[in-house]
Amino acid sequence: MLLRSLKGICMSTSGQPASLGLALERIFHHYGDTPVVDDVSLALAPGELIALLGPSGCGKTTLLKIIAGFQRQTAGIVRIGNNTVDALPPNRRRVGIVFQNYALFPHMSVAQNVAYGLDVTRMERQAKQARVGAMLELVQMAHLADRYPRQLSGGQQQRVAIARALAVQPSILLLDEPFAALDKALRLDMQIELKRIQRNAGITTIIVTHDQEEALSMADRVALLNRGKLEQFAAPTEIYDRPATLFVNTFVGTANVLDGRIEAVDADSYTVVLDVGGTVRAMAPHALAHGAKVKVCLRPEALTVTEHPDGLPATVEVGLPLGSSIVHELRLANGTLLKTAAPRSAGDQPLPGGAQVRLRQHAPAVAFPS
Ligand SMILES: Nc1ncnc2c1ncn2[C@@H]1O[C@H](COP(=O)(O)OP(=O)(O)O)[C@@H](O)[C@H]1O
Ligand SMILES: [Mg+2]
């Protein structure tokens with residue numbers, strides 16, 4: 001049933017899927033004197049799903065509004081397909097947008113909400129009804145077509161908002177924190193469902209989120225924004241394994257950050273002496289000179305708790321058995337706290353608080369100039 005209704009989206013009336021690429025070229029935006037978007041360039045391939053990730057207030061919603069045409073940028077160009085759309089009003093950009101608060105019309109039924117965008121087109125009544133029916137089936141809301149938004153849960157309102165955005169067969173789909181109001185179990189279901197809808201419909205999509213797990217799990221590529229600047233735009237594994245900046249390394253996943261100094265520049269890595277003692281092996285996104293002061297980031301899973309005498313001495317603060325893994329928080333001689341994480345087998349228990357251990361590194365750290 002899902003596949004049948006998806007065909008309704010894939011094939012527009014002309015029989016062509018309407019998938020176009022999107023390009024942002026050197027976008028700047030100021031509200032008054034405050035810069036909010038600072039020289040952002042991004043290019044999405046047709047059908048690509050990217051996550052725009054960043055802390056609250058970094059400019060994500062502003063960027064979506066600029067793409068949709070609700071906000072005119074201070075400078076820069078927005079291209080959809082081969083066309084520059086900066087002079088076009090929102091309703092002529094073929095961009096579907098799902099706002100953070102869903103923004104359903106309270107006085108309209110579910111079906112009327114979904115039909116809203118079609119009302120302004122000259123679509124035949126029957127075709128319109130069929131499209132609304134297909135969209136509601138797609139988001140599994142057909143049985144609630146006559147309800148009003150106030151009679152729906154958050155998750156249901158969310159589905160209606162997605163159906164409404166897709167009904168007009170947009171070339172680009174924009175979703176602003178679409179799952180933020182949903183509880184965790186429903187959020188996972190909706191993430192999987194949205195990804196399936198997006199894949200099958202082949203719609204170029206930007207999903208805005210401040211949730212790094214959501215970004216890493218859903219997106220083909222992640223654009224990480226910090227204070228209006230693009231820190232990195234890359235595949236999720238690349239973002240996690242090869243962070244371009246200290247901000248990326250600490251915002252995505254967990255990182256232990258330690259101060260140190262480059263002691264040796266080797267062929268493809270660096271040896272860093274830590275201020276707290278001991279050395280670590282590190283990669284770096286930009287070349288670092290011998291003697292340079294650095295901050296090194298070590299993922300919890302890159303550290304092993306051992307009894308080997310070579311390791312860095314540490315004391316267990318707490319151990320957490322998290323089901324499939326064990327996390328330890330450890331204190332180094334200078335008071336620095338570090339986290340370690342290791343897969344857990346049945347029966348494994350965390351070490352007790354106060355246990356004296358040694359820490360060893362089994363995957364490279366990443367070093368950034370400090
Ligand atoms: N209409 C506006 N007028 C003035 N400042 C705004 C306006 N909208 C957003 N801002 C400010 O711009 C910054 C970015 O906002 P926003 O794009 O909503 O961030 P995000 O969606 O990443 O949380 C914030 O500091 C916010 O307070
Ligand atoms: Mg926002």
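# How do you know? Questions about this fold

Author: Welcome! In this predicted model, Glu-317 and Arg-331 form a salt bridge, and their closest N and O atoms are 2.9 Å apart.

Reader: What makes the contact between Glu-317 and Arg-331 a salt bridge?

Author: The cut-off is an Arg or Lys side-chain nitrogen within 4 Å of a carboxyl oxygen of Asp or Glu. The N and O atoms here are 2.9 Å apart, so the pair qualifies. Glu-317 belongs to strand 16 (residues 312-321) and Arg-331 to strand 17 (residues 325-332), so the bridge ties together parts 14 residues apart in sequence.

Reader: Why are Glu-317 and Arg-331 called partly exposed?

Author: Buried means under 20% relative accessible area and exposed means over 50%, with partly exposed in between. Glu-317 has 34%, so it falls in that middle range. Arg-331, at 32%, counts as partly exposed too.

Reader: How do you know that strand 16 and strand 17 pair?

Author: Pairing needs at least two bridges between the strands. Strands 16 and 17 are joined by 7 bridges and run antiparallel, so they count as a pair. For example, Val-318 has Glu-329 of strand 17 as its bridge partner. The hairpin they make has 3 residues between the strands, and Gly-323 in this hairpin takes a positive phi near 85 degrees.

Reader: How many salt bridges are found in the whole structure?

Author: The search finds 8. One pair is Asp-39 and Arg-26, whose side chains meet at 2.8 Å, N to O. Asp-39 lies in strand 2 (residues 34-44) and Arg-26 in strand 1 (residues 22-31), so this bridge ties together parts 13 residues apart in sequence. Asp-39 is partly exposed because its relative accessible area is 30%.

Reader: What makes Glu-193 and Arg-159 a salt bridge at 3.7 Å?

Author: The limit is 4 Å, and the closest N and O atoms of Glu-193 and Arg-159 are 3.7 Å apart, so they pass. Glu-193 sits in helix 6 and Arg-159 in helix 5, so the bridge ties together parts 34 residues apart in sequence. Both Glu-193 and Arg-159 are buried.

Reader: How do you know what span to expect for helix 6?

Author: At 1.5 Å a residue, the expected span for the 18 residues of helix 6 is 26 Å, and the helix reaches 26 Å from its first C-alpha to its last. Its buried residues include Met-190, Glu-193, Leu-194 and Ile-197. Next comes Gly-202, with a positive phi near 65 degrees.

Reader: What makes helix 2 mostly covered?

Author: In helix 2 (residues 60-68), 7 of the 9 residues are buried. Among them are Lys-60, Leu-63 and Ala-68. Gly-69, just after the helix, has a positive phi of about 95 degrees.

Reader: Which residues touch the most other members in the largest nonpolar core?

Author: Among its 46 residues, they are Val-114, Met-135, Ile-162, Leu-166 and Ile-207. Several elements supply at least two residues each, including helix 3 (110-119), helix 4 (125-138) and strand 7 (172-176). Helix 5 gives the most, with 7 residues. A second, separate core has 27 residues, among them Leu-24, Leu-63, Ala-68 and Val-85.

Reader: Which strands close into a barrel?

Author: There are 5, in the order 11-12-13-20-14, with mixed pairing. Neighbouring strands of this sheet are turned by 55 degrees against each other on average, direction ignored.

Reader: How do you know that strand 11 and strand 12 pair?

Author: Strand 11 (residues 256-265) and strand 12 (residues 270-274) share 5 antiparallel bridges, and at least two are needed, so they pair. Within this pairing, Ile-262 stands opposite Val-272 of strand 12.

Key:
Residues are numbered from 1 along each chain as its sequence is written. Chains are lettered from A and ligands numbered from 1 in the order in which they are written. This is a predicted model: local features need pLDDT of at least 70, side-chain atom pairs count only at pLDDT 80 or more; totals for chains, interfaces and linings use all residues. Side-chain values use heavy atoms; hydrogens and water are left out. A nonpolar core is a set of buried Ala, Val, Leu, Ile, Met, Phe, Trp, Tyr and Cys residues joined through side-chain atoms within 4.5 Å. Buried means under 20% relative accessible area, exposed over 50%, partly exposed in between (1.4 Å probe, protein chains only). Helices (H or I, at least four residues) and strands (E, at least two) are DSSP runs, numbered from the N terminus. Axes are lines fitted to C-alpha atoms, for helices over the stretch in contact, and angles run from 0 to 180 degrees between N-to-C directions. The expected span of a helix is 1.5 Å times one less than its number of residues.
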